[in-house]
Amino acid sequence: MAGGKGRIGFLINPIAGMGGPVGLKGTDGLAEKAIAMGARPRAMERARACLDHLSREKDAIHFLTASGSMGESSLKECGLDYEVVYSPLPVTSSRDTIRTCQAFLDKGANLILFCGGDGTARDVAGIAGSTPILGIPAGVKMHSGVFAASPQAAADLVIRFLNGELNLRDTEIVDVDEEFYRAGILQTKLYALAKTPYLPVLVAERKRIYISDQEDEFKDQIALFASEFMRDGSAYIIGAGTTTSRIADILGLEKTLLGVDVVKDGRLMITDASEQDLLELLDRETRVMIIISPIGAQGFILGRGNQQLSAEVIRRVGIDKLIIISTPHKLAEIPYLLVDTGDEDLDESLAGKRQVVTGYRIAQMKDTLAASRL
Amino acid sequence: MKIKYLLDEEEIPKKWYNVAADMPTPLKPPLNPGTLKPLTAQDMEAIFPKALIQQEMSTERWIDIPEEVREILKLWRPTPLYRAASLEKALKTPAKIYYKYEGVSPAGSHKPNTAIPQAYYNMKEGIERLATETGAGQWGSALSLATCLFGLQCTVYMVRSSFDSKPYRKSAMRVWGAECLSSPSDRTNFGRQIREKMPDTPGSLGIAISEAVEDAASHDNTNYSLGSVLNHVLLHQTIEGQELKKQFDMTEDYPDVMFGCCGGGSNFPGMVFPFIPDKLKDKKDLRMVACEPTACPTLTEGLFAYDYGDTAGMAPVIMMYTLGHDFIPPGIHAGGLRYHGDAPLLSNLVHDGLIEATALQQTEVFEAATLFARTEGIIPAPEASHAIKPAIDEALNCRKTGEEKVIFISLSGHGHFDLAAYDAYNDGKLVDYVYPADLVKQSLAKLPKP
């Protein structure tokens, strides 16, 4: 046993990222094809870059890992302290990722450090529960907010996490449907929520004003403010996410975290509404407003994880009836808000400076761009 | 071209001008926060000296300035009026821009204009210590200077966000012998309560006022001192506008529009109130514009209503423009403009339509301040820069219309303690806060009735 050491579950999705360079837009179910097309196992190199940095602190970490290319061989090369808790079959799959993570949890891992892309993040987040997870970026697509900026940054975050310098926050795990993506259709879904460690960023001022562990407090402030302005008798379509769901908490309602709900006069009218449900709602209700929050690391407010809010729904509600909410911390980390409703004219009319509610009676101005302009 | 218009020391005004004597609508009385009945002189005696209470309630047009006060004001008064010739040239405007610079005071702002008389009257009545709050640190510095000159002790409750971001303001207060505490502090009951409920609050002027009032009310040798909002503070600041009128006489110009930054109200009213009779009696076509941050737009978006002057509800309830005493504005760099309310005298004149208000965003304000520094040389305080931005816009508009308007900027202080804020601007790290006025109105419309 590793007395007093941090226990880090470490796994590599050895085929992650192979599809990108050969134009496959993801590697789900296509590893053999990618290898045949000349793809190289990129994840191993990315993992190695992270582990090299972590070897500075090798006395402080006891790794739990899977055998062979899923972790063991990289840890061995870097001379790190580890134990193998799971042995996959020679051809690894998403099932191996899940089983490895289960073994990490059984062995009391403090953090799961994985190397892969959105697909891996989905598998890990699906089982991690309240155990924090952190991604070493190695995939083709990395829409989720659990990835560090680079393998070196991931190592730095691990060290700071073990030193107790970091806070945890909720983040959304989104993934693109690869079948659609290969056909040229960008269709993302919000799959799960996970805890991830992050460096408390300073918000608003260079000197310490608010530190990020107060993120929950800001969510409460925003929700309290929303609960007040929502008394006006309108029907409110509330998008997915943890910030929006805090509004439901304050109102004492059971909100679907990953879906879109409708609330009016403090009562839940529709749960997990489809586009059709919303269009029917608009036939009945004259005053409707939408409350949404940016999803994932890139700052999408429309078109990712909430396709129910279609261009037709937005147009019928009215673009001036869109209320955007976000904690100041999340807003500080994204350069601008993005919209991708599939209707370019609508996206253009949503672009420009938009008000984002960031606290109790507090808002900020943020640039909003049409995704097609990127 | 003449650049500086200077008055002699003997031209420092001998009386303060009390606008209450000329108000079209009389002020509604302040209320006792406990009883909600009109406040009596006795109610105020726990925290203010009698002379200031008299001034607070006076409707006399002119009030004598004690000679001992004038002697100390001579250290930096009269302050210069400048013609902003370089700025005009950079803007290629036919307009004439003037600014009166209060940054020449030892504390670097207009605040000593009232700190000196306040310390003087307290000293005269045997008070040994003054307790006060400070937002950006300007007022705390000014009162530290004033108490030091009159041999009093001083305790300053400084809003935490400024305490952390402006360490050298504390240093200055220490040099002048004052004690500066980060508010919420552990010195008062209210401070301890807030620290327990909101350990990471950036603090606010409302909280710091509550702490200073509690300190003063619970110590016999201690009085409270406020650097804005109250009638006597605005009275003392009218020394600025009176000098300015004489200086405008020297220029042979008369302003078409006057801009001044406005938090709780002290520099702006001090500069413009002496011009109110011109507008009322002589029907001068003069615009006076109070400039505030979009993060805390009290005059532009607030309600004209009775509200508490502080967060704890210990200060008098006054009729003013307010965003609500429980509103804690975000931590913008113009810390001196983060106050939920506004001076009753000023609020009344805004409500009567004699004075206008406008709100500015941080980034545009710093952009204007940078242009000012690069043309006029002076690095202005972020607060003061709120007046520069709309003045520049006005001058640019004159370029289009060809009008030769006379534009005045009240430059309340220098920004030497605000260089971290300028760094944040230059590093692209400023956040443009706004007040979601429509949503707030929506939230207030159907408030549950008690």
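Helices (H or I, at least four residues) and strands (E, at least two) are DSSP runs, numbered from the N terminus. The model is predicted, so local features need pLDDT of at least 70 and side-chain atom pairs count only at pLDDT 80 or more, while totals for chains, interfaces and linings use all residues. Residues are numbered from 1 along each chain as its sequence is written, chains are lettered from A and ligands numbered from 1 in the order in which they are written, and side-chain values use heavy atoms, with hydrogens and water left out.

A:D272 is not a glycine, yet its phi is positive, at about 50 degrees. For context, most residues other than glycine have a negative phi, and most peptide bonds are trans. With a relative accessibility of 45%, A:D272 counts as partly exposed. The cut-offs, with a 1.4 Å probe and protein chains only, are under 20% relative accessible area for buried and over 50% for exposed, with partly exposed in between.

Let me turn to the cis peptide bonds. One joins B:R77 and B:P78, with omega at about -10 degrees; B:P78 sits in the loop between helix 3 (67-73) and strand 4 (81-83) of chain B. Another runs from B:S183 to B:P184, with omega near 5 degrees. B:P184 belongs to the loop between strand 8 (179-183) and helix 9 (189-197) of chain B.

I return to chain A for two buried residues. A:T100, in helix 4 (residues 94-106) of chain A, has a relative accessible area of 0% and is buried. Which residues is A:T100 in contact with, leaving aside its neighbours within four places in sequence? They are A:L11, A:A66, A:M70 and A:Y86, where contact means heavy atoms within 4.5 Å.

A:R169 lies in strand 6 (residues 167-176) of chain A and counts as buried at 16% relative accessibility. Not counting residues up to four places away in sequence, A:R169 touches A:G145, A:A194, A:K195, A:T196, A:Y198, A:E215 and A:E333. A:R169 and A:A273 are 104 residues apart in sequence, and their C-alpha atoms are 27 Å apart in space.

Now to chain B as a whole. Its secondary structure comes to 19 helices and 16 strands. The radius of gyration is 20 Å, close to the 22 Å that the globule rule gives for 450 residues, so chain B is as compact as a globular protein of that length. That radius is taken over C-alpha atoms, and the rule is 2.2 Å times the number of residues to the power 0.38. Along the principal axes, the C-alpha atoms of chain B fill a box of roughly 60 × 50 × 45 Å. Of the 450 residues in chain B, 65% are buried. Among contacts in chain B with a separation of 6 or more, 77% come from residues 24 or more positions apart.

Within this chain, B:I72 lies in helix 3 and counts as buried at 15% relative accessibility. Leaving aside neighbours within four places in sequence, B:I72 is in contact with B:I116, B:L149 and B:F150.

What covers the buried residues of helix 2 of chain B? Those residues, in helix 2 (residues 50-57), are B:A51, B:L52, B:I53, B:Q55 and B:E56. Their cover includes strand 2 (15-17), helix 1 (41-45), strand 3 (62-64), helix 5 (112-124) and helix 11 (231-251) of chain B.

I close with a helix pair. Helix 16 (residues 362-376) and helix 18 (residues 419-426) of chain B pack at an angle of about 105 degrees, with their axes 10 Å apart. Helix 16 of chain B is therefore roughly perpendicular to helix 18 of chain B. Angles of 65 to 115 degrees count as roughly perpendicular; axes are lines fitted to C-alpha atoms, for helices over the stretch in contact, and angles run from 0 to 180 degrees between N-to-C directions. On the helix 16 side, B:T363, B:F366, B:E367, B:A369 and B:T370 meet B:A421, B:Y422 and B:Y425 in helix 18 of chain B.

How values were computed
Angles under 35 degrees count as roughly parallel, over 145 as roughly antiparallel, 65 to 115 as roughly perpendicular and the rest as oblique.
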